[in-house]
Amino acid sequence: KLSDYAFVVGANVRLYRPNSAGTIFLDTGSVRITNWEFGSFFGVEKKFIANKLKVTTTVRLDKNQNFDPLISPAVSFIFAPNKHHTIRLSFSSAIRNPTLTDQYFYLPVGRAILLGNLDGYRGLITLNSLNNFRNAAFPSRDTLEYFDVNPVKPERVQTIEAGYRIELFNKLYIDMNGYFSVYQDFLGFVIGVTADIDSASNIIRGATAYRVTTNSADIVTTHGFTIGANYFMKRALGFNANYSWNVLDRRNSNDPIIPAFNTPEHKYNLGISGRDMIIKLGGKNSPNWGYGINYKWIQGFMFEGSPQFTGFVPTYDMVDVQINKKIISPKFNTTVKLGANNVLNNKQIQVFGGPRIGRMIYLSVLIDLENQQ
């Protein structure tokens, strides 16, 4: 019967009207960029086997004004035979519309220009063949390799994901998750060159490099695994740890696309925390204190950005700390938190070409209005 099903519907509309005056987009002179996109989804959920198995199916429709509409279905299964074990399995598909920069970018950076790509580009020269031409004792135009770049289009992905969560001794919680994703039209960029070559001497009088957004012509896959654990010894002391592994596989593709995956293969966190603690202040008990100390380790990885900003980001680590106090009142609850990210001021870079990042101290106040009486 209909009451056994749960339905979810939703929609969103976005309108972009950037105004960069030609500084980063192609909106020079009287040109004005307007871009809209629309999305809607419909989901159905039903429980089976005495409510131990929950099955959810969804269908989503996305449309950007510059691209055809795309449909992405998904289905998930969550089986909980008891409160201590949960098994998850899902099959999903999704799309990623090219961003405003993917479509309209125009940013000169020295001798290179970063370009969006709505209409495609023709007659670009590969960087290697131009370098070989420049270094040849007797250069020949026949050695130059030309290529075209097709207009950019939405990226599509299909993913299978499995997970398992277990609770032990009412204190230890372990959650594991693995995934495998297959990408079509993976978004990245290629680098090409235009050159002004003297017809008589074959001397290069000038050249400009372009980084052009494009899609992979081949299948790209990613796979990975995460595991996390939380152990609550007592209110004043708990432990948490998590590890993730992520890999991009180009499957021996010869496609010149640079995928800009920009994700470390290995990273982990280790932390201790406390909550709902009572401490003495001025001889009186002060309840509802908490704290957290977390250590992060991130393996070095190749960061692929613009031609000038592609390089290796070294391995780095940092320590974050925070202390918090919850103030409870009849009308609302307030949580005050004082913390520091990278408290040891271990200055490191997280993107190649970016600044070195040090300590950041913050104070936050969170007011929970749902507690109003």
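Arg122 is exposed, with a relative accessible area of 70%. Here exposed means over 50% relative accessible area, buried under 20%, and partly exposed in between (1.4 Å probe, protein chains only). The structure is a predicted model, in which local features need pLDDT of at least 70, side-chain atom pairs count only at pLDDT 80 or more, and totals for chains, interfaces and linings use all residues. Residues are numbered from 1 along each chain as its sequence is written, and side-chain values use heavy atoms, with hydrogens and water left out.

Salt bridges were assigned where a side-chain nitrogen of Lys or Arg lies within 4 Å of a carboxyl oxygen of Asp or Glu. The count is 10 salt bridges. Arg122 pairs in this way with Asp148, with 3.5 Å between the closest N and O atoms. Strands (E, at least two residues) are DSSP runs, numbered from the N terminus. Asp148 is partly exposed, at 42% relative accessible area.

A salt bridge also joins Lys296 and Asp320, at 3.3 Å from N to O. Lys296 belongs to strand E17 (residues 284-298) and Asp320 to strand E20 (residues 316-328), so this pair ties together parts 24 residues apart in sequence. Lys296 is partly exposed at 28%, whereas Asp320 is buried at 10%.

Arg205 is exposed, at 55% relative accessible area. Asp196 is partly exposed, at 38%.

How values were computed: Helix = DSSP H or I, 4+ residues; strand = E, 2+ residues; numbered from the N terminus.
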